[in-house]
Amino acid sequence: MKLFFKISSFYFFYFTLVAIYIIFLPKILQTLGYSSFQIGFIFSLGPLMRFLLPFFFLNKIQLTLKIFYGSLLLSLISALLFYITIQNCYLFIIPNILLGVSFAVILPYVETHALTYLKKEKYGKSRLYGSLGFMLCGLILARELTTYTIGLHYFLMASILVVIFGFSIAAQERTETMKEKKEGKFEFKKAIYIWISLFLLQVAMGFFYNFFTIYETAHGISLETVSYLWTFSIICEIMIFYFQSPLFQKFNLLMIIKISLVMTIIRWLLLYLFPDSIMISYLSQSLHIFSFALNHTAAISYLYATYEDKKLSSQFYYGFSFGLGGFTGSLIAGSLYGKNLFLYAALITLASLIFVFFQKDQKLIEPKQNF
């Protein structure tokens, strides 16, 4: 079985799992009688664990194959525990914490593996299968979800397939030992401005992920149309993942990060200035190729090339951005929601851009470098 197929399949089922969790679990919990506060609390646990866990790997623990295997099994155990705890909010906290811990290890580990063994040109082509899995899950399960147990069955099946392909990837690593050194301390100052920028960007993205649907429907756009807008953004994301290689040949990584942030600012301003325009909404959603796809590939590649401890840099990437940034963005967005929401998002993204300009380019980052 080829490595590209293994990693692509892992991405597909991992982000299918994420789609079930993000898109459908909140509705399931609502039908089971969970309050808005309880749902918000449950969904804050994952980002929080994703942020906290990498600090345990600074000096005390090293991300080894055994820990990766254990995390895969932990994710499966969490899926099984969903069945017996979901009726009780307090008990349901337990599998969600365990799931957050496992996710904080699993994806960074595979991302490092992908950047190590796939050429940079192939990374995007593999990662796009994650977006495809997310999109297809959203379209298919929306029709199939007649009872909450069906959602749990899909979640369990996706978890099993994530474990299967995760083990398959790790088994190959045994024979192709990853050449990675862990020398000295993990110094955040090497890329301190990138870390701050990533955090701020995801704070702004938290506004979008949590309130885009509410914002658009409040301005007269139907819920069905909003679902098409979400799907359209993912299609654009898939396309750029496939065709992004020439950009990385032409521009260095910091330049791509800057371009992506400028376009993201424009994206938020379009939503702020034309909230009731369907055409402008589609245009803003097309800019997701910059807000997520290009920024993600450039940022994680930059950190990969900056730090010798590749796995830990990937863990902190997800911890600081999607973890702490997503957690903070969710909290702030709730208090700032209103007609100026995306104006605030644009200002926060502008701050993210400004910090990137303070980051010195490093000689080891080369546009044509393969990982």
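Trainee: Why is L76 called partly exposed?
Mentor: L76 has a relative accessible area of 21%. The label buried needs a value under 20%, and exposed needs one over 50%. The 21% of L76 lies in between, so L76 is partly exposed. Keep in mind that this is a predicted model.

Trainee: Where does L76 sit, and what does L76 touch?
Mentor: L76 is part of helix α3. Setting aside neighbours within four places in sequence, L76 is in contact with L156, S159, I160 and V163.

Trainee: What makes L156 buried or exposed?
Mentor: The relative accessible area of L156 is 17%. Buried means under 20%, so L156 counts as buried. L156 belongs to helix α6, which covers residues 148–175.

Trainee: Which residues does L156 touch?
Mentor: Not counting residues up to four places away in sequence, L156 touches L76, A79, L80 and Y83. As for distance, L156 and F82 are 74 residues apart in sequence and 9.1 Å apart in space, C-alpha to C-alpha.

Trainee: How do you know whether S75 is buried or exposed?
Mentor: S75 has 2% relative accessibility. That value is under 20%, the limit for buried, so S75 is buried. S75 is placed in helix α3, residues 65–85. Beyond four places in sequence, S75 is in contact with L99, S102, I106, S159 and V163.

Trainee: And what makes T306 buried or exposed?
Mentor: At a relative accessible area of 5%, T306 falls under the 20% limit and is therefore buried. T306 is found in helix α12, residues 288–306.

Trainee: What does the side chain of T306 reach, and how do you know that this is a polar contact?
Mentor: The side chain of T306 reaches the backbone oxygen of Y302 at 2.7 Å. A polar contact needs the pair to be within 3.5 Å, so the 2.7 Å between T306 and Y302 meets that limit.

Trainee: Let's move to the core. Which residues touch the most other members of the largest nonpolar core?
Mentor: F10 and W195 do, out of 120 residues in that core. Helix α1, residues 3–31, gives the most to this core, with 15 residues. Leaving aside neighbours within four places in sequence, W195 is in contact with F186, F188, L303, Y307, S313, F316, Y317 and F320.

Trainee: Why is F4 called partly exposed?
Mentor: F4 has 29% relative accessibility. This lies between the 20% and 50% limits, so F4 counts as partly exposed. F4 lies in helix α1. Apart from residues up to four places away in sequence, F4 touches L118, K122, K125, S126 and Y129. F4 and G46 are 42 residues apart in sequence, and their C-alpha atoms are 28 Å apart in space.

Trainee: Which residues make the nonpolar surface patch?
Mentor: L336, Y344, L347, L350, I354 and F358 make this patch of about 530 Å². Helix α14, residues 341–358, gives the most to the patch, with five residues. L347 is found in helix α14, and Y344 has its place in helix α14 too.

Trainee: How do you know that Y344 is partly exposed?
Mentor: The relative accessible area of Y344 is 30%. Not counting residues up to four places away in sequence, Y344 touches F207 and L336. Y344 and T146 are 198 residues apart in sequence and 38 Å apart in space, C-alpha to C-alpha.

Definitions and conventions: Residues are numbered from 1 along each chain as its sequence is written. This is a predicted model: local features need pLDDT of at least 70, side-chain atom pairs count only at pLDDT 80 or more; totals for chains, interfaces and linings use all residues. Side-chain values use heavy atoms; hydrogens and water are left out. Helices (H or I, at least four residues) and strands (E, at least two) are DSSP runs, numbered from the N terminus. Buried means under 20% relative accessible area, exposed over 50%, partly exposed in between (1.4 Å probe, protein chains only). A polar contact is a pair of N or O atoms within 3.5 Å; within protein, one must be able to donate a hydrogen and the other to accept it, and residues adjacent in sequence count only if both atoms are side-chain atoms. Patches are made of residues with over 30% relative accessible area and no salt bridge: like charges are joined within 9 Å, nonpolar side chains (Val, Leu, Ile, Met, Phe, Trp, Tyr) within 5 Å. Accessible areas come from the Shrake-Rupley method with a 1.4 Å probe; for residues, only the protein chains shown count as cover. A salt bridge is a side-chain nitrogen of Lys or Arg within 4 Å of a carboxyl oxygen of Asp or Glu. A nonpolar core is a set of buried Ala, Val, Leu, Ile, Met, Phe, Trp, Tyr and Cys residues joined through side-chain atoms within 4.5 Å. Contact means heavy atoms within 4.5 Å.
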